Amino acid sequence: MVYLFLADGFEEVEALTPLDLLRRAGAEIQTVGVTGKAVTGSHGITVTADITTDEMVLDSALEMIILPGGMPGTSNLDRSAAVHDAIRYAAERGITIGAICAAPSIIGKLGLLTGRSAICYPGFEKYLVDANISAKSVVTDENFITAKGMGVALQFGLTLVTALYGEEVSDKIRASVQA
């Protein structure tokens, strides 16, 4: 199971691109509404989440969690105890955590990027506490995948596919979407 968290103010492309690519790969992925079932992105697009945080189950079926950026979406994710619980649960078990744009700041503030390479939207680096800020647009360091912003959402999504299913599946999807 993959959980992709949505909170009001999320960056639509950063959420929906990885969602689409992971579904193409065959992932069992659910969008999780943090601020309710109907969640409105930062550009006025409303999405109906599959479940809310009240319905979320943290157990051995969890394979990955994804945090899209955007403002105030990132701030709304960061205010959620359920999101923090999911991050901690995943981190303690080596489960992949993907975060893009401003969202890596949430992981950084929890102290989980210390000594790791990471990237985020410019200006949020101060929240990547004791991380090694990378020059790359998408960075994988063990079970953490971070990305710079909306412009690399496709690369981020394909990197998430690679983490779950390997290069071969990711390459097939990359070819099918003409990336």
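**View 1. Helix H1 is covered by strands and helices of this predicted model.** The buried residues of H1 are covered by elements that include strands E1 (2-6), E2 (29-33), E6 (64-67) and E7 (96-100), together with helices H5 (153-165) and H6 (167-176). The residues of H1 that are buried are Glu-12, Glu-14, Ala-15, Pro-18, Leu-19, Leu-21, Leu-22 and Ala-25. An α-helix has 3.6 residues a turn, so residues three or four places apart point the same way.

View 2. At the start of H1, a side-chain oxygen of Glu-11 comes to within 3.3 Å of the backbone nitrogen of Val-13. After H1 comes Gly-26, with a positive phi near 100 degrees.

**View 3. Seven strands form an open sheet.** The strand order is E5-E2-E1-E6-E7-E11-E10, and the pairing is mixed. Strands E5 (51-52) and E10 (138-141) are at the edges; each has a single partner strand, so one side of each has no neighbour in the sheet.

**View 4. Strands E6 and E7 pair in the parallel sense.** Four bridges join E6 and E7. Ile-66 stands opposite Gly-98 of E7.

**View 5. Helices H3 and H5 lie on the sheet.** Helix H3 (residues 81-93) lies across E1, E6, E7 and strand E11 (144-147), and runs at about 135 degrees to E6. Helix H5 packs on the sheet and touches E1, E6, E7, E10 and E11. The direction of H5 makes about 180 degrees with that of E7.

Conventions
Residues are numbered from 1 along each chain as its sequence is written. This is a predicted model: local features need pLDDT of at least 70, side-chain atom pairs count only at pLDDT 80 or more; totals for chains, interfaces and linings use all residues. Side-chain values use heavy atoms; hydrogens and water are left out. Buried means under 20% relative accessible area, exposed over 50%, partly exposed in between (1.4 Å probe, protein chains only). Helices (H or I, at least four residues) and strands (E, at least two) are DSSP runs, numbered from the N terminus. Contact means heavy atoms within 4.5 Å. A polar contact is a pair of N or O atoms within 3.5 Å; within protein, one must be able to donate a hydrogen and the other to accept it, and residues adjacent in sequence count only if both atoms are side-chain atoms. Two strands pair if DSSP finds at least two bridges between them. Axes are lines fitted to C-alpha atoms, for helices over the stretch in contact, and angles run from 0 to 180 degrees between N-to-C directions.
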